[in-house]
Amino acid sequence: MGSAATDVPGVWSTADPTGRSWPAEASTIRFVPVDHDDLDAYDRLYRRIKELVVDEHSWPGASILADEAERIMPATRCPKAVAACVYAGRKWPTAHIACATRPRNIYTGVKANATHAALYPLPKREDRDTVAADLGIPLAELEALWSTLPPRTKSFLWWDQTTRQLRPVTSAR
C-alpha cells in the first residue's frame, strides 16, 4: 500500500515499513503506519533504513523526521532498531529531527545525542522542569529567556549543544 499522496515530487507515502513497495525513484519516504502505536512497525522501518544506509550502501544517508517522537521512541519500550539508529546516528550518515509536544517520555538517547534543539514555550510546569534539567540550566533562566519571545509568533529558543548556549530566534507571525 502506498501512494504519491502529496504534490511534492519524489515523496512516496506508505504504510510499508519494509521497503518492498518503495519505488526506486522516491527521494523521500513518508511512513504513515496503519496503527500509530505499532512500535514493531517503527522497528521494521528503522531496521530497513539501517540496511539501506549502513549495510547495503544503497542510500548515501538518511534524514529522519520523527514526528510525535514520544510515541515512536518512548523512554520505555523504545524499539531496538530505533534505539540503535538514534544511538549510532553520529557514526552513521543519518540525522534525526525528533519533534514532541511533551518532552518527558522520549528515549534518553535522543536527548543525549542532540546537537541542537528548538524549544518552544511550554505551558506545563513539569515539561519546563524536564527541559531545564536536560539542558543543565536553572528553570528560572529558561523561563526568563522564553519570556523575551514575542507572543503569538513562531519564535523559539535555539539550543546549541557544542557551546551549551540558548539564544532566542524570533520570527514574524
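What follows starts with the helix itself, then turns to its neighbours. Keep in mind that this is a predicted model.

Start with helix α1, which has 17 residues. From its first C-alpha to its last, α1 reaches 22 Å, close to the 24 Å expected at 1.5 Å a residue.

Now look at which parts of α1 are tucked away. The buried residues are Leu-39, Ala-41, Tyr-42, Asp-43, Leu-45, Tyr-46, Arg-48, Ile-49, Leu-52 and Val-53. An α-helix has 3.6 residues a turn, so residues three or four places apart point the same way. What covers the buried residues of α1? The cover includes the strands β3 (28–31), β4 (62–66) and β5 (94–98), along with the helices α2 (69–72) and α3.

Let's pick out α3 (residues 80–88) from that group. Its axis and the axis of α1 (residues 39–55) come within 7 Å and cross at roughly 45°. That angle makes α1 oblique to α3, and the crossing is left-handed. On the α1 side, the contact is made by Tyr-42, Asp-43, Tyr-46 and Arg-47, which meet Lys-80, Ala-81, Val-82 and Cys-85 in α3. Sort these contact residues by type and you get five nonpolar, no polar and three charged.

Is Arg-48 buried or exposed? With a relative accessible area of 18%, Arg-48 counts as buried, because the cut-off is under 20%. And what is Arg-48 in contact with, leaving aside its neighbours within four places in sequence? Pro-17, Thr-18, Gly-19, Trp-22 and Glu-56.

Technical notes: Residues numbered from 1 in each chain as written. Predicted model: local features only at pLDDT ≥ 70, side-chain atom pairs only at ≥ 80, totals over all residues. Heavy atoms only, no water. Axes fitted to C-alpha atoms, helices over the stretch in contact; angles between N-to-C directions. Helix = DSSP H or I, 4+ residues; strand = E, 2+ residues; numbered from the N terminus. Parallel < 35°, antiparallel > 145°, perpendicular 65-115°, else oblique. Left-handed = near helix turned anticlockwise from the far one by under 90°. Contact = heavy atoms within 4.5 Å. Nonpolar A, V, L, I, M, F, W, Y, C, P; charged D, E, K, R; others polar. Buried < 20%, exposed > 50% of the residue type's maximum accessible area, 1.4 Å probe, protein only. Expected span 1.5 Å × (residues − 1).
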